[in-house]
Amino acid sequence: MKKLIMICAAFLLVLSACKRDEYYIDGGKANPDYQGNMLQYLQAKKVPFDTVAQIVKLAGMEKQFSSEDFTFFAFDDDVIKRTIGTVRTNGLNNLLFYSGKDTVKTLDQISPLIWKKYLQRYMFKGVNRLKDYTQIDLGLRSIYPGALYYDYNNTVSNIGVSFGDANGIRYIGYRNLVFSYIPDISKPNDNWISVNIASSDIKPTNGVVHSLAYSGAYLGFSLYEFFNDVYTTGLTQSTSK
């Protein structure tokens with residue numbers, strides 16, 4: 001009886017393995033290539049990039065996102081929503097309201113130059129995939145420092161690959177990109193704002209996209225800088241109907 005139970009168990013195990021293999025064969029591997037340009041990719045992925053695509057248009061950067069090769073660290077719609085906020089939440093509208101200024105009703109009230117400046121903070125020349133970046137260990141930056149990169153607006157970020165641990169062995173596990181904004185380049189090792197990459201190496205026909213993971217950060221990583229720019233420039237009349 002015991003032998004019969006063991007045979008049945010082995011048979012079920014083989015059957016389960018076969019079904020699992022069939023699943024993997026049918027599922028295939030994820031394809032990072034997108035048959036369209038970067039702007040089309042953002043437009044197609046309405047969740048989470050619908051508003052990001054709108055910002056590209058408001059900034060007058062459709063041509064760059066449609067034909068120019070570059071690396072884009074894509075923030076999502078939630079970053080914009082959180083940055084604009086309401087009069088009751090932390091965000092631009094709260095700061096404008098308590099400064100005695102009109103609040104933002106539609107995104108086209110903000111100057112295209114401001115949208116362009118903050119988009120460029122996530123844009124880097126060249127087409128760089130995960131394999132093109134050096135290792136970073138945020139807890140051991142003196143040994144694994146990543147590397148500094150100037151964005152399109154000449155502010156500086158550190159980008160590197162974090163190597164995870166596996167089976168108690170350092171740096172042989174899962175690898176993911178880490179994007180760190182540096183607020184003051186005169187103090188390049190201080191006050192980093194670091195964000196992990198949720199998905200990397202997405203390849204439209206121009207450039208490459210790395211999607212930033214949720215971090216609670218504001219657009220451009222500095223709400224008060226964004227507020228000062230909007231406060232100084234002022235809001236325009238909306239053209240939205």
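1. Gln135 is located in the loop that connects strand E2 (123–125) with E3; helices (H or I, at least four residues) and strands (E, at least two) are DSSP runs, numbered from the N terminus. Gln135 counts as buried because its relative accessibility is 17%, where buried means under 20% relative accessible area, exposed over 50% and partly exposed in between (1.4 Å probe, protein chains only). Neighbours within four places in sequence aside, Gln135 is in contact with Tyr144, Pro145, Gly146, Val161, Phe163 and Tyr171; contact means heavy atoms within 4.5 Å.

2. On the basis of the values: this is a predicted model, in which local features need pLDDT of at least 70 and side-chain atom pairs count only at pLDDT 80 or more, while totals for chains, interfaces and linings use all residues. Residues are numbered from 1 along each chain as its sequence is written, and side-chain values use heavy atoms, with hydrogens and water left out.

3. The chain contains eight helices and seven strands. Of its 241 residues, 41% are buried. Of the contacts between residues at least 6 apart in sequence, 63% join residues at least 24 apart. The chain exposes about 14000 Å², with carbon and sulfur atoms supplying 54% of that area; accessible areas come from the Shrake-Rupley method with a 1.4 Å probe, and for residues only the protein chains shown count as cover.

4. Strand E4 (residues 156–163) is mostly covered, with seven of its eight residues buried. Strand E3 (residues 147–150) runs antiparallel to E4 and is joined to E4 by four bridges; two strands pair if DSSP finds at least two bridges between them. Strand E5 (residues 175–181) is also antiparallel to E4, through seven bridges. Asn158 in E4 is the bridge partner of Leu148, and Asn158 stands opposite Ser180 in E5. The hairpin of E3 and E4 has five residues between the strands, and Asn154 there takes a positive phi near 65°.

5. The largest nonpolar core has 55 residues, and those with the most contacts inside it are Phe65, Phe72, Phe75, Leu119 and Phe226. Such a core is a set of buried Ala, Val, Leu, Ile, Met, Phe, Trp, Tyr and Cys residues joined through side-chain atoms within 4.5 Å. Helix H3 (residues 46–58) gives the largest share of this core, five residues. Apart from it lies another core, of five residues, including Ile136, Val156, Val178 and Ile182. Beyond its neighbours within four places in sequence, Leu119 is in contact with Ile55, Val56, Ala59, Met61, Phe65, Phe72 and Phe75.

6. The structure holds 21 aromatic pairs. Rings of Phe, Tyr and Trp (its six-membered ring) pair if their centres lie within 6.5 Å; planes under 30 degrees apart count as stacked, over 60 as edge-to-face and the rest as tilted. Tyr41 and Phe49 form a tilted pair, 6.2 Å centre to centre with 45° between the planes, and both residues are buried. Phe65 and Phe70 form an edge-to-face pair at 5.1 Å centre to centre and 80° between the planes. Phe65 is buried at a relative accessible area of 0%, as is Phe70 at 0%. One aromatic cluster includes Phe65, Phe70, Tyr152 and Phe179.

7. Two charged side chains sit over rings. The charged end of Lys125 lies over the ring of Tyr152, 4.3 Å from its centre, and that of Arg141 over the ring of Trp192, 3.7 Å from its centre. The criterion is NZ of Lys or CZ of Arg within 6 Å of the ring centre and within 35 degrees of the ring normal.
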